[in-house]
Structure formats: structure tokens, C-alpha cells
Amino acid sequence: MSEQPSKKKFLYINRKAPYGTIYALESLEVVLIGAAFEQEVSLAFLDDGVFQLMEGQDTTGVGMKNFSKTYRALGDYEVRKFYVEKESLAERGLSVENLMPVTYEDEDDDYAEKPSIILVDRAEMAKVIAANDVILSF
Amino acid sequence: MSEVATAYEVNGIVAQHDEEGYLTDIGQWTPELALLIAKSEHIDMTDEHWEVVNFLRDYYEEYQIAPAVRILVKEMTKKYGKEKGDQKALYALFPYGPAKQACKIAGLPKPTGCV
């Protein structure tokens, strides 16, 4: 596809735990709706936002839909970069092994499954944020 | 807020739906109920219709969302080939929108950002 002049780089920053507030779910819905506009979309997870990608979420106790599975559909929507901040994980006693695997199929590489999660430290995260045109913080 | 919601009834099971006809509780879905919803949409269910409906149910089971039409076309192409994964063919099966109408028949919520 040729480069459109109206194409911008969108970064959705997720900073809150998945349940208890509506921020995480709202962010995900906006990402899904926004994906229809064929912009370049990436996600960032920092602070309590890293909990959104935790493996093995069980929402039966809170009576909410377990929408964590939906992050794994985002590869289909060409959302293929999930920047996760190392320090935020470490501060919560987590490592990348505690996160669910999120992958996308690379159609330029015989549909090989590739990981979407990219671990970055705080300084790299600052650069990621600076490199985007539109920042939406949830 | 008062909604003008009524219900589908099939084999003695009453299934509530919202004002647009989407099931309130997706757990109540049965193939018989799908036939009833299809009838109210003026659709005669063929094997091709079921292929789409079943695909949507599998996708929802895996990802907890109904895909946008663009994604449906792409994924149907991958699974069933170009002939089935064709926007025109899908609209021929579901004239009011494959995602919207097929999702209703599949017992799924209205897709996010659907057209």
C-alpha cells in the first residue's frame, strides 16, 4: 500500500489495571474502532497498565467480561507493537513470563507468527512516545 | 432508561434481546434460535450462511470480540479461500451487513465500530 499523507502514528498509553475502572476496556474499544482508519497504531503499557497483559486472567469474581483475550486479536487489525515498560513490571514483581503471549502473522514472511510485545526501559519508552504523532493516554 | 426489549421463543426457551434484536445473554444461543433470528431478518440459512455464523462464533470464543468486516473478509479468505472471503459474496448472504446481521444470528453482541 502506498504511503498516504494523512497517515499518522498513534500511540495509546495504558496506565491502569484492567478491572475496577473502565479505562482499559475503553482504550481497547477506541483502538478497535480507530483501526478501521488505517493509521499506524501502537500500544504502550506502563505503571499498573502492565496488569492488562497478565496471563490467566479470571473475571468470574468481578462479573466483567474477560477482555484480555481481545489483545490477541489486534494483530489482525495491524496493531503489532505492544511496548511494555521493564521498570513497571519489575516494580510489581513481574517479568515478561507473567504476560500472555501476543503475536501477529507477518504476511511478508509467509505468515510467520511473531511476538507483538516489545520490552523497553523507561528511557526507551520516552523515545517511543516522542516518535509518535498522536498520544492518547488512558 | 426503559428499553423496548422483547424476547425470542423457541422450544419453550425464552431468550431476551435488545431493541435491535441482539441476544442479551449469548449463553442462550442455540442453532434453532439462530434459525428463528434469521427468519426475522428474512434470511434462509444455507451452508454458506452457517459457515459465516460458525466462523464468527469461533472468532468470538477465541478473542471475545466480533471482527470488523475488513477482518472477517481477510480471515475468511485465509480459512476458506478467495471465493468465500469476498466482501461482495458476504453482502450477498447478509444484505444488511455481514458483521452486523450475521453477528445477530450468531447470538453475538453488535460488533465494535461496525457499519
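In the predicted model, B:Ala102 is in contact with B:Val52, B:Val53, B:Leu56 and B:Phe94, its neighbours within four places in sequence being left aside. B:Ala102 is also, together with A:Val31 and B:Leu56, one of the residues with the most contacts inside the largest nonpolar core, which has 57 residues. Chain A contributes two or more residues to this core from each of S1, H1, S2 and strand S3 (82-85). On the side of chain B, the elements that do so are helix H1 (31-40), H2, H3 and helix H5 (98-105).

H2(B) is followed by B:Gln64, which has a positive phi, near 65°, although B:Gln64 is not a glycine. This residue lies in the loop between H2 and H3 of chain B and counts as partly exposed, because 17 C-beta neighbours are found inside 10 Å. The loop between helix H2 (47-63) and helix H3 (69-80) of chain B also holds B:Pro67. In contrast to B:Gln64, which is partly exposed, B:Pro67 counts as buried, with 26 C-beta neighbours inside 10 Å. Beyond its neighbours within four places in sequence, B:Pro67 is in contact with A:Asp76 of chain A and with B:Tyr59, B:Leu72, B:Glu75 and B:Ala99 of chain B. A separation of 6.8 Å was computed between the C-alpha atoms of B:Pro67 and B:Pro111, which are 44 residues apart along the chain.

The loop between H3 and H4 of chain B contains B:Lys84. With 17 C-beta neighbours inside 10 Å, B:Lys84 counts as partly exposed. The contacts of B:Lys84, apart from its neighbours within four places in sequence, are B:Glu51, B:Met76 and B:Ala89. Although B:Lys84 and B:Glu48 are 36 residues apart along the chain, their C-alpha atoms are separated by 8.4 Å.

Chain B also contains a hairpin. Strand S1 (residues 7-10) and strand S2 (residues 13-16) of chain B run antiparallel and are joined by 4 bridges. Within this pairing, B:Val10 stands opposite B:Ile13 of S2(B). The hairpin has 2 residues between the strands, and B:Asn11 takes a positive phi near 50°.

In chain A, S1(A) and S2(A) pair in the parallel sense over 6 bridges, and A:Lys9 has A:Glu40 in S2(A) as its bridge partner. S1(A) is mostly covered, with 5 of its 6 residues buried. Strand S1 (9-14) and strand S2 (40-45) of chain A are also included in what covers the buried residues of H1(A). In H1(A), the buried residues are A:Ala24, A:Ser27, A:Leu28, A:Val31 and A:Leu32. They are placed on the same side of H1(A), because they cover an arc of only 135° around the axis. For the 12 residues of helix H1 (residues 23-34) of chain A, 1.5 Å a residue should give a span of 16 Å, in agreement with end C-alpha atoms that are 16 Å apart.

Elsewhere in chain A, A:Glu78 is placed in the loop between S2 and S3. Its phi is near 60°, a positive value in a residue other than glycine. A:Glu78 counts as partly exposed, with 14 C-beta neighbours inside 10 Å.

The contact between the chains takes 13 residues from chain A and 11 residues from chain B. On the side of chain A that touches chain B, 6 residues are nonpolar, 2 are polar and 5 are charged.

Terms used. Residues numbered from 1 in each chain as written. Chains lettered and ligands numbered in written order. Predicted model: local features only at pLDDT ≥ 70, side-chain atom pairs only at ≥ 80, totals over all residues. Pairing = 2+ DSSP bridges. Contact = placed C-beta atoms within 7 Å. Nonpolar A, V, L, I, M, F, W, Y, C, P; charged D, E, K, R; others polar. Expected span 1.5 Å × (residues − 1). Buried ≥ 20, exposed ≤ 12 C-beta atoms within 10 Å, placed from the backbone. Arc of directions from axis to C-beta. Core = buried A, V, L, I, M, F, W, Y, C linked by C-beta atoms within 7 Å.
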